[in-house]
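Hello,

Here is the structure you will be taking over. Please look through it first; my notes follow below.

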Amino acid sequence: MSIAKQKAALRKQVKAQVSSVYTAQNRALLSAKIAAQVTALPQYQRAHMLFCFVGTAQEPDTLPLIQHSLACGKRI
């Protein structure tokens, strides 16, 4: 099997695994846990600016973290 085919197969496998973890119900729970862990970090608490991505349907929902950061006076 060529490298290109191996990479395509691996991408397909990883995408399936991610989709199985980030179900609609599980995504909200996992996103809340991530946000809680981030906001508890001393580095986050001291920071004046935050770099954050906006997650897709198969990624953590970062909008609550972004909104919280803005409410705390942080720049995004």
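Helix α2 covers residues 24-40, 17 residues in total, and spans 25 Å from its first C-alpha to its last, close to the 24 Å expected at 1.5 Å a residue. That expected span is 1.5 Å times one less than the number of residues. Helices are DSSP runs of H or I with at least four residues, numbered from the N terminus.

This is a predicted model: local features need pLDDT of at least 70, side-chain atom pairs count only at pLDDT 80 or more, and totals for chains, interfaces and linings use all residues. Residues are numbered from 1 along each chain as its sequence is written, and side-chain values use heavy atoms, without hydrogens and water.

The buried residues of α2 are R27, S31 and A35 (buried: under 20% relative accessible area; exposed: over 50%; 1.4 Å probe, protein chains only). Seen down the axis of α2, these buried residues fall within an arc of 60 degrees, so they line one face of the helix. The arc is taken from the directions from the helix axis to the C-beta atoms. The face turned away from the buried side carries the exposed residues Q25 and Q37. The cover over the buried residues of α2 includes α4 (63-71).

R27 is buried yet has no salt bridge, and the nearest side chain of opposite charge, D61, is 4.4 Å away. A salt bridge here needs a side-chain nitrogen of Lys or Arg within 4 Å of a carboxyl oxygen of Asp or Glu.

T62 lies in the loop between α3 (42-46) and α4. T62 is buried, with a relative accessible area of 8%.

Regards

Terms used. Helix = DSSP H or I, 4+ residues; strand = E, 2+ residues; numbered from the N terminus. Contact = heavy atoms within 4.5 Å. Lys, Arg positive; Asp, Glu negative; His and termini not counted.
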